[in-house]
Amino acid sequence: MEKWKRNLWISCCAGFIVSIGMSQMAPMLPLYIADMGIRSTGDIEKWSGIIFGCNFISLAIFSPIWGRLSDRYGRKPMALRASLWLGFIMIGMGFAQSVYQLAALRLAQGAMSGFQTAIIPLIAQESPREHSGWALGMFFTSQVTGTLLGPLIGGFLYETVGIRYDFFVIGALCFLGFFLLFRIHETIKPQPQAAALTLRDTFLKLPSLQLIVGLFVTTFVMQFAVMSIEPIITIYVGYLAASSAHIALIAGAVFSCTGIASMLVASRLGRLADHIGSQKVLFAALCLAGVALALQGFAVSPLQLGIYRFMLGLAIAGLLPSVNNLVRQYTPSICLGRIYGFNQSAQFLGMFAGAFFGGHLAAAVGIRNVFFLTAFLFLINAVWCLFVVCRYAQAAGEI
């Protein structure tokens, strides 16, 4: 097997394992906070939001730093460091005795992690240019699959071994990912001179600053839109199926439709992007996402909502891999890690902003209008993609 394919499969396995572990956090967090002695429902909700969200803030701040170090010392050492750190942090959370300790550990998790900041540029740079879209799509598929399975496994562990041991299992999964990554063979040598580049010099090396910054904005919009909807899906399902006695089950099924669709088509869209250009897939995905979100605002039944959520999943499967591939194509290798780090910062800031403001927007303008607002953001982004990304690619001879 070619080295780049071997590296890809190892990265996908490691990403799958780490995603299984990390995706168990959100559904288990309120139960763990209650286990620490917090009894009020309002206090549990407050601390769940704080502890879950603070990780995104530290990730957004430190991702460019770890990206810069990956340029200097190599992607593999940074991926190993991040997965090892995640293992220790997860085990530490299993020993936490208070919500303050748990919040501090979550902050430290984000500050010292940077797994994606290392592994995504490693895949992008090690894969041949003509196959990079497919490779990034495969990695995205492995992450989504792990994220879908994680809560199921977490629930089973909670019932069988208890919530603290659940964190020990998550830590063990991260250690397993760490040992898998040892088998990666990184052929692109580190570039120590990358550390000497100032932030200004880094951006001056980009062939189109407007394009790269626009891709950061696209990443932010995508994560903001997705995360602003997630906290209110169950409430929306309850509104659409008020007479049902199985709201939680229906909401879970509707919620999963997006991830299932992304898992099914991400690698295929990546391969398509290799043939027709990532800029075309990105434009089509932005348009589809806008339409799918608008249709969700008009849904009159959980079945319709599930169908439109599936459409959104198809769009998301084309968004993030296309953005990552375009960043790879239009960023010099000497600063690729740092630029991916900034893109990761945009991703985590979008996740935090969406999770924080989603409920507030629903309360202020109504649940349906949140769908229309996020649809508008995607469609505006699609117009930008058409006039900036597609035109730049055409001028560069990509299409």
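**Aromatic pairs, the core and a helix**

Modeller: Let me start with Y32 and F167, which are both buried (under 20% relative accessible area with a 1.4 Å probe, protein chains only; over 50% is exposed and in between is partly exposed). This is a predicted model, where local features need pLDDT of at least 70 and side-chain atom pairs count only at pLDDT 80 or more, while totals for chains, interfaces and linings use all residues. Residues are numbered from 1 along each chain as its sequence is written, and side-chain values use heavy atoms, leaving out hydrogens and water.

Colleague: Thanks! How are the rings of Y32 and F167 arranged, stacked or tilted?

Modeller: Tilted, with 4.7 Å centre to centre and 35° between the planes. Phe, Tyr and Trp rings (for Trp the six-membered one) pair if their centres lie within 6.5 Å; planes under 30 degrees apart are stacked, over 60 edge-to-face, and the rest tilted.

Colleague: And where do F298 and F372 sit in the chain?

Modeller: F298 is in helix α13 (residues 278-298) and F372 in helix α16 (residues 367-395), so that pair links parts of the chain 74 residues apart. Helices here are DSSP runs of H or I with at least four residues, numbered from the N terminus.

Colleague: Is F298 buried or exposed?

Modeller: F298 is exposed, at 58% relative accessible area, whereas F372 is partly exposed at 27%.

Colleague: Switching topic: which residues have the most contacts inside the largest nonpolar core?

Modeller: I119, L215 and F378, in a core of 105 residues. A nonpolar core is a set of buried Ala, Val, Leu, Ile, Met, Phe, Trp, Tyr and Cys residues joined through side-chain atoms within 4.5 Å.

Colleague: What does I119 touch?

Modeller: Leaving aside neighbours within four places in sequence, I119 is in contact (heavy atoms within 4.5 Å) with S11, A79, F139, L181 and I184.

Colleague: Now α7: how far apart are its end C-alpha atoms?

Modeller: They are 41 Å apart, which agrees with the 42 Å that its 29 residues (132-160) should span at 1.5 Å a residue. The expected span is 1.5 Å times one less than the number of residues.

Colleague: Where is the kink in α7?

Modeller: At G150, shortly before the proline P151, and it is about 30°. The bend is the angle between axes fitted to the seven residues ending there and the seven starting there.

Colleague: What follows α7?

Modeller: G162, with a positive phi near 100°.

Note on methods
Helix = DSSP H or I, 4+ residues; strand = E, 2+ residues; numbered from the N terminus.
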